[in-house]
Amino acid sequence: MGGYDKDYQVIVVGAGHAGCEAALASARMGCSTLLLTIGLDTVAQMSCNPSIGGLAKGHLVHEIDALGGEMGLNIDATGIQFRRLNTRKGPAVRAARAQADRMAYSARMKNVIEAEPLLDLKQGLVEELLVEKGRIVGVKIREGLAFYGKTVVLTTGTFMRGLIHVGLNHFAGGRAGEPSAEGISGSLSALGLRVGRLKTGTPARLSARSIDFSKLEKQPGDKLIKPFSFMTEKITRKQVDCYIAETNEMTHQIIRNNLNKSPLFAGVIEGIGPRYCPSIEDKVVRFPDKKSHQSFLEPEGIVGSEMYPSGLSTSLPPDVQLAYFRSMVGFERVEIMRPGYAIEYDFVEPLQLKATLETRVVAGLFHAGQINGTSGYEEAAGQGILAGINAARQCQDREPVIIGRDEGYLGVMVDDLITQPTTDPYRMFTSRSEYRLLLREDNADQRLTELGREVGLVSDVRWKMFQEKQEQVDAATQILKTKSVTSADRTAVNLLNLGELKSGLSLESLLRRPELSLKQLEDICPELGAFSPQALEQVEIAVKYEGYIKRQLEQVERYRLQEDINMPGDIDYDEIPSLSTEVREKLKKTLPISLGQAGRIQGVTPAAIAVIQIYLRKKHHV
């Protein structure tokens, strides 16, 4: 076996959304990095929906950006429709979403990677992991060449023993038209890691010129666009419309008549699919009384005619797909450009990971993305940047970075993965966080940019912009506290419809009133107009939700009391009295690093936590 004549500090396997963030993070932190991909033309490929963000996923993108990652900048540069979701709801659940020009998104990310000085991008299908004395030392590709490195980050997506299903036909593939990676699963199993099987799917791609858009409801994007990245000042790219389509009773009947041709219902597919993104045939069966299912029809780019019908993923045969599409209004003459399909793939149970995303079994081996049982580009990218940071810091003999549940959705996601069993592909929701009001999109930079600066990912330019924003937040807050309105200020009283004032009120007190906004206060206090919309948004939320935020901060303090109680690495759970066999088994399997994390393991009761805490006090003086 020949070895490449250059050793690396970090080797990243897979150039999807996780791999790109991992490789960029380690290289930007000063580590020589190799990014290996099956195909150089599919870097940051959008295999399914050509969009970034959405509920909770948008939060992850903002956090990745705040740390110094690339996803937010990439979608800002290539987005063709931007929309803010839940704008009528509270700030905790407001989220950004954008349609991407799929080819442009991939091309720009590849250019960024190729321009990174310490990062080499190479094509190669990894077949074997090279391990010596319990530590990863490199990888071997199909062509027989070995690459050596101090750490390896696996971001294999759906490629590990990928099996594509179209009707009752199936064939090996990591994505349509690309080979699967057959060797890595065996390597992982041989090393003692537990490997499981999951499934996901994608809808057909439709020809835009064969669709009658006049029969569909137009869905335009926002006129006033708020970018994803804290670095982006303005979106300048041409924007497009999306459309809303619906299935009907005829569509559902066609699907019901052909369920015997679905591998999902014929028992051919073994992997568990995503609970929150079921196929159209699954929806028809599970919700028999529902007359229609909505689909957002989304363009895949400015150039080209492919359209993505969201919510209609399927594994039915192509002829059945064509028949049910043509039963829908506006699609009577539709042409399918690429059929939809389901794909089964291997993943590694993430309970075997440390909070750093390093495997417990093999030192220096990190996992990120769908290999950990997650779904979605944003979840993958979030894990990627964290794995890249920790792989680099291990090479630099520095302490790892662990983000807490109270610090970011990134922390919530990792903690969920390493403490909860994977029953289906993991997807981020705002409801997964106990501290939603603290973990908003708008304050992701306040929470994580200082950390990004510390690890070496936040540039001087980004740091300066962050500091300027913080100065504006402080200055605007001071104005609200010191400026007031009295009964003598008739213009202000009338403009704000205050009625009779018995005493003066500060602008901060006025802003707490639900009927008043900061924009209205600008009319009577022009000084506020000098600050950026981003700074004013944070100020307004801080004032209006002050009581709620204070209560959540108190919850965080109580949470940290148990998080600060560390679980010794050599703890013997068999020695602790009064624990059930089930609890002992779960603790041994997960190996929590803190008492708080132990309490989040499914099946570990509050009573068990109390027993463990008493044991730690007596035995370890914790």
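Q: Is I541 buried or exposed?
A: Buried means under 20% relative accessible area, exposed means over 50%, and partly exposed is in between (1.4 Å probe, protein chains only). I541 has 5% relative accessibility, so it counts as buried. Keep in mind that this is a predicted model, where local features need pLDDT of at least 70, side-chain atom pairs count only at pLDDT 80 or more, and totals for chains, interfaces and linings use all residues. Residues are numbered from 1 along each chain as its sequence is written, and side-chain values use heavy atoms, with hydrogens and water left out.

Q: Which helix holds I541?
A: Helices are DSSP runs (H or I, at least four residues), numbered from the N terminus. I541 sits in helix α16, residues 533-544.

Q: What is I541 in contact with, beyond its neighbours within four places in sequence?
A: Contact means heavy atoms within 4.5 Å. On that basis, I541 touches P91, R440, D442, E546 and I549. As for A146, it lies 395 residues from I541 in sequence and 53 Å away in space, C-alpha to C-alpha.

Q: How do I read the crossing of α6 and α8?
A: Under 35 degrees is roughly parallel, over 145 roughly antiparallel, 65 to 115 roughly perpendicular, and the rest oblique. Here the axes of α6 (residues 249-257) and α8 (residues 318-326) come within 8 Å and cross at roughly 165 degrees. That makes α6 roughly antiparallel to α8.

Q: Which residues meet there?
A: From α6 it's T251, I254 and I255, and from α8 it's V320, A323 and Y324. Sorted by class, that contact has five nonpolar residues, one polar and no charged.

Q: What about α9 and α10?
A: The axes of α9 (residues 377-395) and α10 (residues 409-419) come within 10 Å, crossing at roughly 90 degrees. These two helices are therefore roughly perpendicular to each other. E379, G382, Q383 and L386 of α9 make the contact with L410, M413, V414 and L417 of α10. This contact has five nonpolar, two polar and one charged residues.

Q: How many aromatic pairs are there?
A: Phe, Tyr and Trp rings (for Trp, the six-membered one) pair if their centres lie within 6.5 Å; planes under 30 degrees apart are stacked, over 60 edge-to-face, and the rest tilted. The structure holds eight such pairs. One of them joins Y545 and Y548: it is tilted, with 6.2 Å centre to centre and 50 degrees between the planes. Y545, at 23% relative accessibility, counts as partly exposed, and so does Y548, at 49%. Elsewhere, ring pairs link Y324, F325 and F331 into a cluster.

Note on methods:
Axes fitted to C-alpha atoms, helices over the stretch in contact; angles between N-to-C directions. Nonpolar A, V, L, I, M, F, W, Y, C, P; charged D, E, K, R; others polar.
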